[in-house]
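Subject: Structure handover

Hello,

Here is the structure you will be taking over. Please open it first, then read the notes below it.

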Amino acid sequence: MPNEKFKDAILKSYTTNLPSIYLGAGVCDNEIIAEAKVHLPMRMMNRHGLVTGATGSGKTRTLQLLAEQLSAAGVPVFMPDMKGDLSGIAKEGAVNDKIQERSRALGIDYAPTAFPVEIYSLSGKLGAQMRATVTEFGPVLLTKILELNDTQSGVLNILFKYADDKNLPIVDFNDLKKVLNYLTEGPGAAEIKSDYGKISSATASTILRKIVSLEQQGVDQIFGETSFDVEDLFEKVDGKGVISLLNVSDIQSQPAIFSTFMLALLAEIYQRLPEAGDLDKPKLIFFLDEAHLLFKDAPKAFLDQIDQVVRLIRSKGVGIFFCTQLTQDVPPSVLAQLGNRVHHVIRAFTPNDVKALKETIKTFPKSEFYDMEQQFTQLGTGQAFITVLNEKGIPTETVVTHLAPPASFMGPLSESEYKDLLNNSDLYKKYKDAVDPQSAFEILGERMQQAEEEQEEKAATPKRTASRRQEKSTLEEVMSSPVARQVGRELVRGVFGMLFGTTTTTRRSSRKRSGGFF
């Protein structure tokens, strides 16, 4: 029987004794084979992954399914909530006919379950405020947000280098603008000329305009203190890993902001965590939804940093899953590192779509059970082509999978439920209020004021000196006259006369009597 052969192939490829995630059951000849269970070994989740598919194909629910099972296994999860509809993970799912039908087809019992959730926000309006200092963000990521060219990026690097050399903390945009002004028009302009090079007024003005533009968009509050502590992403509640949601529904018009911020978090996690090697379960799984926004118009330095983080962070026990519409949205250097693939339906409506489909198929192991080009366009909602790495790191059999339904609520919390979740969150209270520490703005402000006072003092000093010199010259002129010299001699003689008991008159009388000279 063909289906028996299919079932045996899937069981052989996907069965594991290690902790794993149940994704669903294999489909062959349009029949769901419940016994052909598809598992993803958690041991391999730090080899990263990719979830793709057209709009409405079920990508978000796949991410929800993955997050739930990771949480149940005690693995914390971080994921962006693009539309604000993932908050329902915090409450039990609602049983309906579609869920029951899917559960019966898979041969599983549906158990509605809630999971621990923390909600964050970059605006501070929809969750605990996520912040980072400008220094933590760094020049490469800031270049991406400000959309700077190579010259402007070079100047930004100078600002960071100078601040680092002079121990100037750049906490927020006010600090960055102060350093820029200090090194362009302030006392620091001459100071950096020999060591770093001169900064032109035109370049400085352009950078300043871009900073002000971001401030006007209301996203500058992501820079400051209290800076987000990545250790808070590793929390557990009752043995379940906390699912941290970054609600970005209110700043979707600034995709570069939230996508770059998430990369900054990843870089911070990499710096903070010790080496872990291969674990039976990852320490954290990091989902990057709408990943194409991360790579769009990205400069080479930015892409290099992504490639480096993805390549190295797996040794820290962290897995990254990119979620986007097409495989081609991810650069080849990053795509080559994504060992676990879940691909939902691809719509082949245009020549470009057909080309993308053919290229995607090439990334999958060949299958004797499917005409993949035809099958890819006929996948139903909640179905996907899957291939993952087994516990030995070998790619599994390519399989069309009827995915399991999430156990939590598939939709957003109500407004009152959302508010209750935030009000009961210790992290919401921890990051709610901003702190304004002493930083580059205050330090350079004092230096500039001191320099201005010194300049004023120097400007006044030459006038007093000239006045003294003029007085001295007049005195010298008077003292050099014959009359003055005579008066001076008489004064000296008078003083000596008083000291030795003689007077000028006495000495004159003496000379006359002796007939000689004094």
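**Aromatic pairs**

The count of aromatic pairs comes to 15. Rings of Phe, Tyr and Trp (its six-membered ring) pair if their centres lie within 6.5 Å; planes under 30 degrees apart count as stacked, over 60 as edge-to-face and the rest as tilted. Phenylalanine 228 and tyrosine 431 make a tilted pair, with 5.4 Å between centres and 45 degrees between planes. Phenylalanine 228 lies in the loop between helix H8 (201-216) and strand S7 (236-237), and tyrosine 431 in helix H16 (residues 426-431), so this pair ties together parts 203 residues apart in sequence. Helices (H or I, at least four residues) and strands (E, at least two) are DSSP runs, numbered from the N terminus. Phenylalanine 228 and tyrosine 431 are both buried. Buried means under 20% relative accessible area, exposed over 50%, partly exposed in between (1.4 Å probe, protein chains only).

Tyrosine 370 and phenylalanine 385 pair edge-to-face, at 5.5 Å centre to centre and 85 degrees between the planes. Tyrosine 370 sits in the loop between helix H13 (351-362) and helix H14 (372-376), and phenylalanine 385 in strand S13 (residues 383-387); they are 15 residues apart. Both tyrosine 370 and phenylalanine 385 are buried. Ring pairs also join Phe6, Phe364, Phe369, Tyr370, Phe376 and Phe385 into a cluster.

**How to read the model**

The model is predicted: local features need pLDDT of at least 70, side-chain atom pairs count only at pLDDT 80 or more, and totals for chains, interfaces and linings use all residues. Residues are numbered from 1 along each chain as its sequence is written, and side-chain values use heavy atoms, with hydrogens and water left out.

**Charges over rings**

Lysine 91 lies over the face of phenylalanine 409, 4.2 Å from the ring centre. Lysine 316 lies over the face of tyrosine 270, at 4.0 Å from the ring centre. The rule: NZ of Lys or CZ of Arg is within 6 Å of the ring centre and within 35 degrees of the ring normal.

**The chain overall**

The protein chain has 19 helices and 14 strands. Of its 518 residues, 48% count as buried. Among contacts (heavy atoms within 4.5 Å) with a separation of 6 or more, 77% come from residues 24 or more positions apart.

Regards
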